[in-house]
Amino acid sequence: GSTTKLIQRNTSFATVTAEDIKHFKEILGEKNVIEDEDRLSIANVDWMNKYKGSSKLLLQPRSSDEVSRILKYCNSRRLAVVPQGGNTGLVGGSVPVFDEVIINLGSMNTIISFDEVSGILVCEAGCILENLDSFLANKGFIMPLDLGAKGSCQIGGNVSTNAGGLRFIRYGSLHGNILGVEAVLANGTVVDMLSTLCKDNTGYDLKQLFIGSEGSLGIVTKVSILTPPKLSSTNLAFLACNDFISCQKLLLEAKRKLGEVLSAFEFLDNQSMDMVLTHLEGVRNPIPPSVYNFYVLIETTGSDESYDREKLEAFLLSSMEGGLISDGVVAQDINQASSFWRIREGITEAVMKAGAVYKYDLSLPVEKMYQIVEEMRLRLGPAAKVLGYGHLGDANLHLNISTSQYDNNVFAQIEPFVYEWTFSNRGSISAEHGLGLMKANEIHYSKSPETVQLMASIKKLFDSNGILNPYKVLPHSLLPSN
Ligand code: FAD
Ligand code: MLT
Ligand code: ZN
């Protein structure tokens, strides 16, 4: 079950000809114009193996100028394109729906500058998140975001999806950390908004439009980002709670008592733990042999080893005495800490291995967050495994429904129920993954008609022929030339 089958290819788009290929080869050189079937079959399919396009052409530009020349040509020819980074997106946004030309930014991976006083990094969009983090570690800084896909996602993809992740609770959204962007519009115009200033109130802050617009308004080619200093002491606790209300109270306590050192607050339920233990090799539950209903990871990051540790221990002791925590363990070294993180970060991979998965990424009032997981379990019965995990500190639930294979009857039980439930609780149907293809037609559950109209006007202004990432983000009826 998915929305793809309802969409028709937009007939105003051209199809790639031999003449087009010749032109692209003149711009990019032979080897960066890829028609090879094996390479295309990888680029046509998303990380979940769920969304598949049939593009015949993959372009790999090496500079903003090349991106500009490609887009200018595509726009004049009305060739639709999909910007692609690491292709780890989870909403079908990063792959073609039909035969759109794939423009992959992976070859644009230069670090342009780093200011060791301010911590401001300027780099090309194709830099892989983990590589940037390693570069910064040597300089005594870290990236303000971290996510399970760090080994392959690119900063341009992170910016374009406004990725959240594990450090959000501490460092906030990319809307705050990204200081500047260079982007290429559909008609090839290169817009230099690559500021390296923390404060700049000279009119409309247009770079914000590129943060989270999922490649629908332009291709991000460079970014400037404010990176925080790497602090010397990190602690990680893996805790068990018996009920969700205890998890919530624990969050409040952690904010009160760990305040300035709190750097992550994540949760998973017992069903998610089970999934990881069943499908990932070498993973074990750090708090055996009992089975608890919920697990919480609390990380602290600060600059004073003994002070931070004492603080965490006092917090854990009082939470234990207060009955909020049933059991728990603090990582004794970096290896143990990464084995704890592996459990939380590995859920996405584990659930993929289990068969089919329906993924929802909801913002909800924290006290309502787990209710939808329980309601979904009642609705679906034994036909499906329903998992709840996510960024509890940001009130962001990942509701995943796992079945052995895709099944339209199960799908009909899930949608539109999940969206209606979220709407009626004033939540968001996408906290961090975006709308992509999956939720383009569901935007009205989270945005008013007037807002959606204004978005469509902006889309038309930036991309009048609608060639950039068509069928994504906005409802199909509102896209240009439809
Ligand atoms: P892609 O998947 O290639 O593209 C994503 C979207 O951005 C597409 O619409 C694409 O067209 C557009 N795009 C990509 N690059 C550009 C560019 N340069 N210019 C314009 N548009 C562009 N997401 C979170 O928010 N938090 C998480 O914790 C998180 N964890 C994840 C864990 C795993 C294991 C996986 C597989 C995914 C996870 N994600 C998470 C989702 C995904 O990793 C993020 O959305 C990530 O930011 C996508 O980056 P990417 O380079 O792979 O982009
Ligand atoms: C996560 O927090 O693990 C990611 O957003 C990926 C997912 O939702 O599975
Ligand atoms: Zn997430």
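**Ligand shells and helix packing in the predicted model**

By class, the residues that form the shell around ligand 1 comprise 12 nonpolar, 22 polar and two charged. The model is a predicted one. In total, 36 residues surround ligand 1, and the closest of these are G85, G93, G156, G157 and G215. Two or more residues of this shell are contributed by each of β3 (81–84), α5 (155–161) and β9 (219–226). Among the elements, α5 gives the most to the shell around ligand 1, namely five residues.

Ligand 2 is surrounded by G148, I347, T348, D361, G390 and H398. This shell divides into one nonpolar, four polar and one charged residue.

An unreviewed UniProt entry annotates residues 51–230 as "domain: FAD-binding PCMH-type". In the model, the span 51–230 is 24% helix and 22% strand, and its end C-alpha atoms lie 38 Å apart.

Helix packing was examined for α1 (residues 18–28) and α3 (residues 64–77), whose axes are 10 Å apart and form an angle of about 160°. Because this angle is over 145 degrees, α1 counts as roughly antiparallel to α3. The crossing of α1 past α3 is right-handed. On the α1 side, the contact involves D20, H23, F24, I27 and L28, which meet E66, R69, I70, Y73 and R77 of α3. The residues of this contact between α1 and α3 fall into five nonpolar, one polar and four charged.

Key:
Residues numbered from 1 in each chain as written. Chains lettered and ligands numbered in written order. Predicted model: local features only at pLDDT ≥ 70, side-chain atom pairs only at ≥ 80, totals over all residues. Near = placed C-beta within 6 Å. Nonpolar A, V, L, I, M, F, W, Y, C, P; charged D, E, K, R; others polar. UniProt positions renumbered as here; feature names shortened; annotations may be inferred. Helix = DSSP H or I, 4+ residues; strand = E, 2+ residues; numbered from the N terminus. Axes fitted to C-alpha atoms, helices over the stretch in contact; angles between N-to-C directions. Parallel < 35°, antiparallel > 145°, perpendicular 65-115°, else oblique. Left-handed = near helix turned anticlockwise from the far one by under 90°. Contact = placed C-beta atoms within 7 Å.
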